[in-house]
Amino acid sequence: MIGIDIGGANLKVVTGDGTSIHYCPLWEQSPLREILRTYRSPGEQAAVVMSGELADCFRSKIEGIRVIVDAVRDIFPDAMFYGTDAAFHRSAVPELAAANWLVSADYLMERHRGCLLVDFGSTTTDIIPLVSLDALKGLTDLRRLQSGTLVYTGLLRTTLPAVIREVAISGIPTPVCPEYFACSADAHVVLGHITREDYTTDTPDGKARDRESCLRRLSRVVCADLEEIGEEGACAVAEAFWDAQRSLLCSAVDAIRRTHGTGQILCAGTGAALISRILGGRDLRRELGRGADALPAFAVREVALRRHGS
């Protein structure tokens, strides 16, 4: 049995041998079938969850669901797809839209009931109270945005103007320009939160991922060259972004904890190490290894094995 999580930007696969994360943007004629084909072997079963149906290459979510299901079934004809009803399906049904967060809760609920899961990924952050699986069933991304359990900011792909409006450059309040000059990965590389190897997505300008390249992109956020504002100015942009992103996430987590009365915080996702430090949470990588970086793929495999055996 293998577990597969198909997002808009990343394809995550968990097998009995380990975890793999592939940058696979669906909106760019992604090699989805080609990557999945490398995991096919005789008799291999696949349990699948998705959120990639929201990619804007599709006219609607149901169109995205159908395209993704067809692609998977070309490689794994007997694949099972987990839905927001917490059930497995064999065909393209609306319930398959954005169920990846729910299967993580489904897996963790038995052992960690009463805790709060914070999955800080490359694109979004899921804040999931592990109180009642029934209470979570049927929730859409729209409803989760409205409730605060989905915060659309992540470790790598967030554009800076989505979080900050101005930054102090040489002590002068300076508006940031709403262009896609830099992303959260640039800020986190410069601040030492991640390495260039962790910067797995495309860069905004298509150039390198080293620290100086990140500094140059951050300078563009205030319409400047790196030589114009210096490393200090570019770092100020990164620090302002992280201050705001951290505040956004901490406030969202506090609100959900108060609403649901949850206890210990469990941290997963590509940003698990970082978010666990600022929240005082438990990094699930200590018990799940790299499976915590791809928690929905890990979880859908475990839930499928629990329900349907090997």
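1. A word on terms before the sheet: two strands count as paired if DSSP finds at least two bridges between them. Strands are DSSP runs (E, at least two residues) and helices are runs of H or I with at least four, numbered from the N terminus. With that in hand, strands β7 (residues 116-120) and β12 run parallel and are joined by four bridges. L117 has L266 of β12 as its bridge partner.

2. Please keep in mind that this is a predicted model, in which local features need pLDDT of at least 70 and side-chain atom pairs count only at pLDDT 80 or more, while totals for chains, interfaces and linings use all residues. Residues are numbered from 1 along each chain as its sequence is written, and side-chain values use heavy atoms, leaving out hydrogens and water.

3. The open sheet has five strands in the order β9-β8-β7-β12-β13, with mixed pairing. The edges are taken by β9 (150-151) and β13, each with a single partner strand, so one side of each has no neighbour in the sheet. At the β9 end, β8 (residues 125-129) and β9 are antiparallel and share two bridges, and T125 faces V151 in β9.

4. At the other end, β12 pairs with β13 (residues 282-283) in the parallel sense, again over two bridges. Here L266 stands opposite R282 in β13. From β12 the chain passes through α9 to β13, a right-handed β-α-β crossover (with the strands pointing away from the viewer, the path from the first strand over the helix to the second runs clockwise).

5. Now to the aromatic rings. Rings of Phe, Tyr and Trp (its six-membered ring) pair if their centres lie within 6.5 Å; planes under 30 degrees apart are stacked, over 60 edge-to-face and the rest tilted. By this rule there are two aromatic pairs.

6. Finally, the pockets. On a 1 Å grid over the protein atoms alone, a pocket is an open set of points where a 1.4 Å probe fits, with protein on both sides within 12 Å along at least five of seven lines; lining residues have an atom within 4 Å of a point. A volume is the space filled by probe spheres set on the points. The largest pocket has about 600 Å³. Its lining has 26 residues, and the closest to its centre are G8, S51, T123, T124 and Y152. Both β2 (10-15) and α5 (141-147) supply at least two lining residues each.

7. The second largest pocket holds about 360 Å³. Of its 21 lining residues, L155, D198, T200, T270 and D293 are the closest to the centre. The elements giving two or more residues to this lining are β2, β3 (18-23) and α9 (272-279).
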